[in-house]
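Subject: Handing over the model

Hi,

Here is the structure I promised to pass on. Have a look at it first, and my notes on what turned up follow below.

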Amino acid sequence: MKRTTADNVVYGIVASYDTDGRTHRIGHMFLPSHKRAIGILENVRRLIFPGYFSRKELTATNLRPHVEHLVAEIREDLEHEINACLCTERRCSRCEDPDCCATGAADMAVGFLQRIPAIRDMLALDAQAAYDGDPAAKSIDEIIYCYPGFHAVTVYRIAHELLELGVPLMPRTLCEHAHSATGADIHPGAKIGKSFFIDHATGVVIGETTEIGNNVKIYQGVTLGARSFPKDERGKVIKGYKRHPTLRDDVTVYPNATIRGGRTVIGSGVTVGGNAYVTESVEADTVVEQEKPGLRVVSKKHGKGGQAEPPG
Amino acid sequence: MKRTTADNVVYGIVASYDTDGRTHRIGHMFLPSHKRAIGILENVRRLIFPGYFSRKELTATNLRPHVEHLVAEIREDLEHEINACLCTERRCSRCEDPDCCATGAADMAVGFLQRIPAIRDMLALDAQAAYDGDPAAKSIDEIIYCYPGFHAVTVYRIAHELLELGVPLMPRTLCEHAHSATGADIHPGAKIGKSFFIDHATGVVIGETTEIGNNVKIYQGVTLGARSFPKDERGKVIKGYKRHPTLRDDVTVYPNATIRGGRTVIGSGVTVGGNAYVTESVEADTVVEQEKPGLRVVSKKHGKGGQAEPPG
Amino acid sequence: MKRTTADNVVYGIVASYDTDGRTHRIGHMFLPSHKRAIGILENVRRLIFPGYFSRKELTATNLRPHVEHLVAEIREDLEHEINACLCTERRCSRCEDPDCCATGAADMAVGFLQRIPAIRDMLALDAQAAYDGDPAAKSIDEIIYCYPGFHAVTVYRIAHELLELGVPLMPRTLCEHAHSATGADIHPGAKIGKSFFIDHATGVVIGETTEIGNNVKIYQGVTLGARSFPKDERGKVIKGYKRHPTLRDDVTVYPNATIRGGRTVIGSGVTVGGNAYVTESVEADTVVEQEKPGLRVVSKKHGKGGQAEPPG
């Protein structure tokens with residue numbers, strides 16, 4: 001384009017940065033691209049499931065150097081990423097001393113790596129639960145390698161540990177990455193017990209203050225959501241406090257059911273039916289089903305009758 | 001494989017290209033891989049939100065050269081991509097003079113860059129609406145950096161501008177990329193007002209001829225769809241005309257609600273309840289809820305009763 | 001981190017591998033990263049739709065060498081990937097002779113390439129069905145280039161061929177990749193007839209033993225699922241046998257409808273309404289709609305009444 005046009009375009013854009021401080025981070029530490037966070041996640045999965053996502057074959061002899069290398073790489077990248085997230089939360093400007101962030105980041109990175117064996121234990125139970133719960137599952141290898149629900153739970157367990165360590169921003173970034181890949185939106189703040197299985201995954205929403213017990217199974221399209229939230233005098237919603245449901249042990253929630261409210265407790269052993277809409281607590285060891293209105297079946301008079309019903 | 005087998009395989013495939021002209025573009029300008037379109041999109045986001053997705057830290061001093069460089073790169077790539085889209089729409093064969101496409105592409109690329117400040121203004125309001133509307137939101141940084149609903153709206157606003165400039169194919173390609181990343185399927189042709197917020201995003205469908213006012217908030221699984229469409233004498237659906245609903249200002253639509261039909265108008269200030277199924281217009285300042293049939297709660301006789309309800 | 005800390009971290013992780021054989025593949029052939037499987041898929045799409053996803057313009061003169069090159073590349077990569085999948089299924093240890101896997105892999109790779117023309121024929125009909133069925137579709141080029149439903153069907157048809165050839169693991173991996181990209185979860189084992197169209201795609205689930213006839217059209221959020229499954233004495237679900245529904249020719253299923261059960265047969269020409277919940281067979285040439293309970297419309301007393309309804 002003509003020089004003057006180019007100048008005007010650049011001028012207009014630069015000028016627009018001054019008008020709104022909410023949407024630029026000029027003079028602040030920049031946020032690294034998601035690619036780095038996702039690169040770390042992929043390396044952590046290689047560490048958690050050796051031989052599934054590797055670049056080479058692992059043997060008793062090459063295992064230890066492989067782990068040493070991975071651990072060193074993850075630690076360095078994680079430290080750098082956490083540092084950026086801390087500076088973002090505190091909006092450190094360049095002139096400030098970033099040591100506090102750097103020190104905290106180093107401790108958090110090590111703290112996370114020390115939790116890897118515990119995370120492996122949890123994920124082994126989740127993989128077994130997926131295999132036991134799905135007739136289409138051919139092997140546990142298949143589940144670890146390509147089941148979206150298991151992937152979402154893997155990322156949640158990693159992100160939840162980072163959140164517990166006090167890492168800002170990155171846990172949500174990782175869970176949103178898994179949400180994008182699997183369609184399951186699990187907030188890293190949710191508390192989820194052992195042997196958890198999500199089948200098909202698409203459309204699942206698990207809110208920030210949800211609490212889930214052991215041996216719980218949920219299917220596609222299930223929402224564990226908020227019921228309502230009070231607003232401040234400005235009409236803005238107030239942040240924090242429990243607004244999502246509690247599911248006790250051995251609960252199964254079938255496709256597209258919705259359970260909402262911070263005081264809603266689903267008792268242990270409950271089965272919630274498909275498309276059920278639950279906003280009150282449910283007693284233990286019951287089956288809850290939405291009464292379905294009847295199905296109307298009408299014979300088609302002429303032709304295909306494509307008009308009879310609306311598309312999406 | 002054996003030479004003859006290889007030859008036969010190649011022969012069979014090449015022969016199959018001749019049998020169906022619908023599924024090859026041999027002798028026509030090829031369609032570039034989606035990677036280029038997505039690369040442009042990522043650069044545009046860097047330009048719109050400086051410091052969020054950058055590769056380096058931005059300061060008052062390095063800002064202008066950074067913008068100049070990005071603008072030049074986007075302009076060149078965009079011009080090339082739009083050119084390919086124009087040639088695709090017109091099915092230019094190699095022998096034809098492609099200048100008309102090249103000239104149009106250059107104008108459209110500049111026209112788009114001139115709209116960046118206006119797009120920034122819209123997106124600042126969308127980001128604020130997301131922060132105000134979600135108790136789990138920690139900061140506007142978090143929303144810009146990783147909220148899927150905000151990402152879907154960002155891509156929609158970019159794609160809608162390209163569509164308004166007359167760019168074929170690319171707007172839909174970008175929106176489908178966002179659909180893939182977020183689960184929200186927003187057609188670039190939809191008209192959406194200021195301060196729009198989609199929470200959780202997965203399963204949202206907003207049709208081509210939808211019209212949405214200001215301060216509208218929708219949740220996961222909401223369909224703003226068509227009701228039916230007339231077919232021509234061949235039984236094929238007729239293209240074009242308004243078949244999706246209109247939402248006025250200050251409307252909130254809760255999860256998994258469905259609103260359909262080109263003559264369906266949701267008045268300003270309306271709240272549409274979760275799972276509601278709306279095919280008629282709704283008066284302003286009302287709450288619309290689907291009456292729910294009762295919940296049947298049955299105690300489990302023996303064991304876990306996993307049979308009681310079907311999985312997906 | 002300090003040397004000792006690093007050693008302890010590495011030691012703890014390596015030790016954790018010994019405690020659970022389910023979650024590592026040390027001493028077994030490793031599973032290649034998904035990137036390779038997806039790279040193969042992208043090349044196969046280039047072969048099936050020449051000129052749509054190419055890196056260069058195709059002409060009568062450069063076509064044959066282009067196809068020869070692609071075929072050779074796909075064959076080599078596919079052979080290697082199938083080999084890894086066979087070794088995974090058989091859990092070949094390094095000491096075993098892998099020739100059986102290598103030989104089988106070579107035959108399956110060639111067998112797949114010989115099926116490309118037949119796959120192209122099916123996909124041409126699917127693309128036409130998408131164009132005919134969607135008023136928003138501007139051209140068949142647009143459908144092939146960026147329609148998610150068509151992408152999901154493309155990957156399903158490729159994965160189903162691999163499954164028929166006896167390739168383990170990879171078909172499911174490819175379908176889960178498409179599930180991730182499109183939100184449509186089609187099991188490669190499903191049987192799907194000609195001219196199949198999925199619109200919007202997000203949230204669609206088509207189970208392993210589903211059977212679908214010709215000219216079937218389904219919309220977002222449709223589940224073709226299982227109704228229940230018997231469990232063995234350990235309370236684990238039994239694998240295999242038909243547990244998903246059958247749809248005959250010319251069936252249309254509107255958004256968010258659920259059809260379940262291995263003995264549920266939807267007759268030819270049936271239209272299933274939006275949000276319908278069907279668990280029994282339906283007679284041919286009928287329209288099935290869920291009776292909707294009434295909509296309650298309540299005027300808002302004071303303010304926005306955001307409390308009136310829960311978010312997700």
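By what turn and what shift along the axis can chain C be laid on chain A? The turn is 120 degrees and the shift is 0.0 Å, with an RMSD of 0.0 Å (a least-squares superposition on the C-alpha atoms of residues with pLDDT of at least 70 in both copies). That is how copies around a three-fold axis are related.

Some housekeeping before the rest. This is a predicted model, so local features need pLDDT of at least 70 and side-chain atom pairs count only at pLDDT 80 or more, while totals for chains, interfaces and linings use all residues. Residues are numbered from 1 along each chain as its sequence is written, chains are lettered from A and ligands numbered from 1 in the order in which they are written, and side-chain values use heavy atoms, with hydrogens and water left out.

Chain C against chain A

Counting contacts as heavy atoms within 4.5 Å, this interface draws 82 residues from chain C and 84 residues from chain A. About 7,100 Å² is buried between chain C and chain A, and carbon and sulfur atoms give 57% of that; buried area here is the accessible area (1.4 Å probe) that two parts lose on being put together, summed over both. On the chain C side, C:Arg22, C:Thr23 and C:Lys239 lose the most area to chain A, together 9% of what that side buries.

There are four salt bridges across the interface of chain C and chain A, if you take a side-chain nitrogen of Lys or Arg within 4 Å of a carboxyl oxygen of Asp or Glu. One of them joins A:Arg296 to C:Glu289, at 3.3 Å from N to O. Polar contacts between chain C and chain A come to 23 residue pairs, both residues at pLDDT 80 or more (N or O atoms within 3.5 Å; within protein, one must be able to donate a hydrogen and the other to accept it, and residues adjacent in sequence count only if both atoms are side-chain atoms).

Which element gives the largest share of the side of chain C that touches chain A? That is α1(C), with eleven residues (helices are DSSP runs of H or I, at least four residues, and strands are runs of E, at least two, numbered from the N terminus). By class, that side of chain C has 29 nonpolar, 32 polar and 21 charged residues, with Ala, Val, Leu, Ile, Met, Phe, Trp, Tyr, Cys and Pro as nonpolar, Asp, Glu, Lys and Arg as charged, and the others, Gly among them, as polar.

A strand pairing also crosses here: β15 of chain A (residues 295-299) runs antiparallel to β14(C), joined by five bridges (DSSP must find at least two for a pair). Within it, A:Val298 sits opposite C:Val287.

Chain A against chain B

Here 82 residues of chain A touch 84 residues of chain B, burying about 7,100 Å², with 57% of it on carbon and sulfur atoms. Four salt bridges cross between chain A and chain B, including B:Glu42 with A:Lys35, whose closest N and O atoms are 3.9 Å apart. β14(A) pairs antiparallel with β15 of chain B (residues 295-299) over five bridges, and B:Ser299 is the bridge partner of A:Thr286.

Over all chains, the whole structure has 36 salt bridges.

Cheers
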